[in-house]
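Here is a walk through the charged pairs of one protein model. Keep the sequence and the 3D view side by side.

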Amino acid sequence: CVLFPVVVFASPNVNTVPGFADLTWGESLNSVSQKYGLSRMNRPGYDRNISMYNVHLSNAYIYDIKVLPEIYLFFINDKLYSLSGKFTNYANDRDYNQAKNILISKLGEPDIVNNDTRYEYASWNTEVCSITLSAIGISAVNRELSPEVEKATKKAREREVAQIDWDKYAQ
């Protein structure tokens, strides 16, 4: 009997949510709730299919950027599609530039840099998600589920406009 050594290289799951090794984009609310103590947030908005929860973590990082303990998770039709976290409560260039340099080292130069506003923001598009860095925080949105979110939001806005028109008519 001759044995041949086998080397297996485990490739990281590209669908893993940044900062959460045990979560994947599109994972159900029930599954995420079993792993983390989620608190539902009242989210003003148009669509009841989009829900927002927060989770408190004592040592949270998103793409190696230390964030404050409260992270927001967003679901569309019971699927995790976005997260956001703040790395500071007060916008300042030092924290932003430090976070931006971390993302550049991991993801390369940003696809978009906008400094038309008071504070610059930058965004990167990866195979799986879009990452946006603002003066106070970072967010990631799953690209596969983004069209579903846009469609639901558009449909809900149309319903709201129709309701407003009906209310004017009814008066």
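**Salt bridges, pair by pair**

Start with Glu 27. Its relative accessibility is 10%, so Glu 27 counts as buried, the cut-off being under 20%. The model is a predicted one. Glu 27 pairs with Lys 35 in a salt bridge, and their closest N and O atoms are 2.6 Å apart. Lys 35 sits at 38% relative accessibility, so this lysine is partly exposed. A search of the whole structure gives 5 salt bridges.

Move on to helix α2, which spans residues 93-107. Lys 106 lies in this helix. Its side chain meets that of Asp 64 in a salt bridge, 2.8 Å from N to O. Asp 64 belongs to the loop between β5 (61-62) and β6 (65-66), so the pair ties together parts 42 residues apart in sequence. How accessible is Lys 106, as a relative figure? The value is 42%, so Lys 106 counts as partly exposed. Asp 64 has a relative accessible area of 48% and is partly exposed.

Stay on helix α2 for Lys 100. Lys 100 forms a salt bridge with Glu 120, with 2.9 Å between the closest N and O atoms. Where does Glu 120 lie? Glu 120 is in the loop between β9 (112-114) and β10 (121-125). The pair therefore ties together parts that are 20 residues apart in sequence. Is Lys 100 buried or exposed? At 15% relative accessibility, Lys 100 counts as buried.

Notes: Residues are numbered from 1 along each chain as its sequence is written. This is a predicted model: local features need pLDDT of at least 70, side-chain atom pairs count only at pLDDT 80 or more; totals for chains, interfaces and linings use all residues. Side-chain values use heavy atoms; hydrogens and water are left out. A salt bridge is a side-chain nitrogen of Lys or Arg within 4 Å of a carboxyl oxygen of Asp or Glu. Buried means under 20% relative accessible area, exposed over 50%, partly exposed in between (1.4 Å probe, protein chains only). Helices (H or I, at least four residues) and strands (E, at least two) are DSSP runs, numbered from the N terminus.
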